[in-house]
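Dear colleague,

Please find below the structure that I am handing over to you.

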Amino acid sequence: MILGIDVSTSKIGYCVVDDQQKLLEVHFKKLKEDTLEDKAWMFYCNELKTMQRKYNITEVRIEEPFTMFSGGKTTAGTMAKLQRFNGMISLMAYHCFHMVPILVPS
């Protein structure tokens, strides 16, 4: 089963797909904690550990964060923060499922 994760600093979307590519679950988690570290820890404790108990996850895919500026909307600080948080979520997934997540281009 594949766990797919779309990371943002204010919310995270995730889904589980079985081996026949059937969508089993789709979730959207709004992150209310103050620090990125707290957000990553709460996502690990509440969401990733639940998926670990519920499914035999054999692959984790995480959307790569943006690496290019997009029409004046994104600052270098915003991109750095998203890269940092994406790394935290990747580490939490690695710790939970004992596999390196596959980064998927957006």
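Helices (H or I, at least four residues) and strands (E, at least two) are DSSP runs, numbered from the N terminus. The model is predicted, and local features need pLDDT of at least 70, side-chain atom pairs count only at pLDDT 80 or more, while totals for chains, interfaces and linings use all residues. Residues are numbered from 1 along each chain as its sequence is written, and side-chain values use heavy atoms, with hydrogens and water left out.

Overall fold

The protein chain contains two helices and five strands, arranged along the sequence in the pattern β-β-β-α-β-α-β. Its C-alpha trace spans about 40 × 25 × 20 Å along the principal axes. The radius of gyration, taken over C-alpha atoms, is compared here with a globule rule of 2.2 Å times the number of residues to the power 0.38. For 106 residues a compact globule would have a value near 13 Å, and the 14 Å of the protein chain agrees with this.

Contact means heavy atoms within 4.5 Å. Among contacts between residues at least 6 apart in sequence, 58% join residues at least 24 apart.

Surface and charge

Accessible areas come from the Shrake-Rupley method with a 1.4 Å probe, and for residues only the protein chains shown count as cover. The accessible surface of the protein chain is about 6,600 Å², with 56% belonging to carbon and sulfur atoms. A residue is buried under 20% relative accessible area, exposed over 50%, and partly exposed in between (1.4 Å probe, protein chains only). Of the 106 residues, 37% count as buried.

The protein chain carries 13 positive and 12 negative side chains, and the centres of the two sets lie 5 Å apart. Lys and Arg count as positive and Asp and Glu as negative, whereas His and the chain ends are not counted. The place of a charge is taken as NZ of Lys, CZ of Arg, CG of Asp or CD of Glu.

Helix H2 (residues 76–97) has 22 residues and reaches 31 Å from its first C-alpha to its last, close to the 32 Å expected at 1.5 Å a residue; the expected span is 1.5 Å times one less than the number of residues. Its buried residues include Met79, Leu82, Phe85, Met88 and Ile89. Their cover includes strand S1 (2–7), strand S2 (11–17), helix H1 (36–54), strand S4 (59–63) and strand S5 (102–104).

Serine 90, in helix H2, is buried at a relative accessible area of 14%. Not counting residues up to four places away in sequence, serine 90 touches Ile62, Pro101 and Leu103.

Histidine 98 lies in the loop between H2 and S5 and is exposed, with a relative accessible area of 65%. Its phi is near 60°, a positive value in a residue other than glycine.

Helix H1

Leucine 36 belongs to helix H1 and is buried, at a relative accessible area of 7%. Beyond its neighbours within four places in sequence, leucine 36 contacts Thr9, Lys81, Arg84, Phe85 and Met88. The C-alpha atoms of leucine 36 and lysine 81 are separated by 8.7 Å, although the two are 45 residues apart along the chain.

Glutamate 47 is also found in helix H1 and is buried, with a relative accessible area of 12%. Leaving aside neighbours within four places in sequence, glutamate 47 is in contact with Tyr14, Lys29 and Met42.

With kind regards
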